[in-house]
Every structure is written in structure tokens, then in C-alpha cells.
Amino acid sequence: MTSRTPIMAGNWKMNLNHLEAIAHVQKLAFALNDKDFDAVEAVVLPPFTDLRGVQTLIEADKLKIKYGAQDLSAHDSGAYTGEISGPMLAKLKCSYVVIGHSERRQYHHETDEQVNAKVKAAFRHDLTPIVCVGEGLDVRKAGEQVAFTLAQVDGALKDVPAEQAETLVVAYEPVWAIGTGEVATPEDAQEVCGAIRGRLAELYGQAVADVIRIQYGGSVKAGNIAAIMAQPDVDGALVGGAALDSEEFVKIIRFRD
Ligand code: PEP
């Protein structure tokens, strides 16, 4: 099996203003050391308004923390009031961009087609998409979580070539586990993450599927991350609430300790 560097990404959602963001990243930088960065890729995903400040701090102090945005427009420029484009995020040297988070799908009615267009927009500008997929409670109760999630994977990656797909990150986030305190069991996470890797192998071949990182997301905390990371197809976590507490997020990054 190919070894994949674990990726722990903190999705701050609509929390922390630009001053709080600086303080938060400084706390992470103070706590983390080279050994941590050799073992795990640590990523923060602040609101758009924090990105410039986070970039300045990270560049000035040569920090190894990576950063990215929580969304982007499918368009590169134009009359799209309120939107932020791929070129704008690339100019801020973002590494990552979250696409298709369940809150975007739920509150902004984002479809698989829009997610696919955003994935292509991200790749056009060398941003690595963190593509979120995952079922709601009704689908889980019906036992259709695998088929539902794989259909979202197919939709997100339509016409995305293998040489782009191999750099991407997929986040499996069962919607019923996000922000609820309800965590999928490690076996639940593995069932769907394993199926996602299987689908990636069908789409792109096993060698490409083996290098794509698949995260689990949904009420991840310091206390449950080790068991989740012990699953063979889970390569990291997309962390919401617990990423707002710098000490907790550091413990998640140090899940092996
Ligand atoms: C998320 O926002 O992607 C998430 C997983 O949130 P939480 O960790 O709070 O459940």
C-alpha cells in the first residue's frame, strides 16, 4: 500500500475575525514543531476575510502550516457579486479550497454540477480541492450511504482527468455527524472511505486511487481521532468545532501520541 501523509484540516466556518485568526495561528505555531510537520500536514481553513492576515503571518514567520479557503466561485472573474474567485485565492497563495461542504449544499443549494464546476475552477488555478461528500440521516437510516456518497463522488469528478484527481483530497462527512457530537464509528467511516477509494480506482486506476487522501469529518475530537485514523482508508480529518480550540486541534494533529 502506498503511504499517504495524513492531512488534518481545521474548517473554522464563519468563526474568528482577522485579529482572532492571527492569535489562533500563532498559538498553533507555538505548539507545533518540525516533528509534527514531518508526520502530518496541518491546514487551516479560515473565512475569506482572514486569509490575507494568515498568509502574512505564515510567510513572515516561515510557518509550515498550510492554509486555504472554505469555498470559491466556479467563475474566474466577472459580475458575480459577493463571490471569491480561484485567481484571487491563488494570489493569496492558498494551497487548498473546500468544495461542496454540506452546509453549502444545504443552505446554498449547491448541486453536484456546481461542485464539479468549482472543482474544475480550483484545478485551473493550482488550488487543491477538498471535496466534501456524505449522506444525511435519512439516507443512512435507509442503509444507502455508500451508493449516495459514491454518486456525489462521480458528480464532483465528472471529466476531471487523472493527473488532476491524484492531487485531490476527498472528505467523507456524514451530515448527521457534523456539529452534532454524533460521531460515525471507525467502522462506519472505513466502510464509506473504503468504498470511495474503490470508486476512485474504477475511475482512475488503483495507482491513482492509492495516492488520493480521504478524510473523515464529523465531530472529530482529540478523544476519537486515533481510532478513526487507525482505519486503512482514512488519511486525515476535516475538523470543525474542535479546530477552533488550538490545544484540541494540536492534539488531533498529534493523534499518534
Ligand atoms: C465540518 O465542518 O466539516 C465538521 C466536520 O464539523 P464538526 O467537526 O464540528 O462536526
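These are my notebook entries on a predicted model.

**Ground rules**

I number residues from 1 along each chain, as its sequence is written. Because this is a predicted model, local features need pLDDT of at least 70 and side-chain atom pairs count only at pLDDT 80 or more, while totals for chains, interfaces and linings use all residues.

**Entry 1: strand E1**

I began with strand E1, residues 7-11. Helices (H or I, at least four residues) and strands (E, at least two) are DSSP runs, numbered from the N terminus. I call a residue buried if 20 or more other C-beta atoms lie within 10 Å of its own, exposed if 12 or fewer, and partly exposed in between, with C-beta atoms placed from the backbone.

Next I looked up which strands pair with E1. Two strands pair if DSSP finds at least two bridges between them. E1 runs parallel to strand E2 (residues 41-45), with 5 bridges. Met 8 has Ala 42 of E2 as its bridge partner. E1 is also parallel to strand E8 (residues 236-239), joined by 4 bridges. There, Ile 7 is partnered with Gly 236.

**Entry 2: strand E8**

I then followed E8 itself. Both of its faces are covered: Gly 236 and Leu 238 are buried on one side, Ala 237 and Val 239 on the other. E8 also pairs in the parallel sense with strand E7 (residues 213-217), over 2 bridges. Tyr 216 stands opposite Ala 237 of E8.

**Entry 3: the annotated active site**

I checked the record for marked positions. An unreviewed UniProt entry places the feature "active site" at His 101 and Glu 173. They span 73 residues in sequence, yet no two of their C-alpha atoms are more than 8.5 Å apart, so they gather at one spot. UniProt positions are given in the numbering used here, feature names are shortened, and annotations may be inferred rather than shown by experiment.

I found His 101 in the loop between strand E4 (96-99) and helix H5 (102-107). His 101 is buried, with 27 other C-beta atoms within 10 Å. Glu 173 sits in the loop between strand E6 (169-172) and helix H10 (186-204). Glu 173 is buried too, with 30 C-beta neighbours inside 10 Å.

For contacts, I take two residues whose C-beta atoms, placed from the backbone, lie within 7 Å. Residues up to four places away in sequence aside, His 101 touches Gln 70 and Cys 132. On that basis the contacts of Glu 173 include Cys 132, Gly 217 and Leu 238.

Where does UniProt place the feature "binding site"? The unreviewed entry lists Asn 11, Trp 12, Lys 13, Gly 179, Ser 219, Gly 240 and Gly 241. They span 231 residues in sequence, yet no two of their C-alpha atoms are more than 13.8 Å apart, so they gather at one spot.

Gly 240 is in the loop between E8 and helix H13 (246-253). Gly 240 is buried, with 22 other C-beta atoms within 10 Å. Leaving aside neighbours within four places in sequence, Gly 240 contacts Asn 11, Lys 13, Ile 178 and Gly 179. Gly 241 lies in the loop between E8 and H13 as well. Gly 241 counts as partly exposed, with 19 C-beta neighbours inside 10 Å.

**Entry 4: positive phi**

Last, I noted backbone angles. Leu 16 has phi near 75°, a positive value in a residue other than glycine. Leu 16 is in the loop between E1 and helix H1 (18-31), and is buried with 21 other C-beta atoms within 10 Å. Asp 126 has phi near 60°, which is also positive. Asp 126 lies in the loop between helix H6 (112-124) and strand E5 (128-133), and is exposed, with 12 other C-beta atoms within 10 Å.
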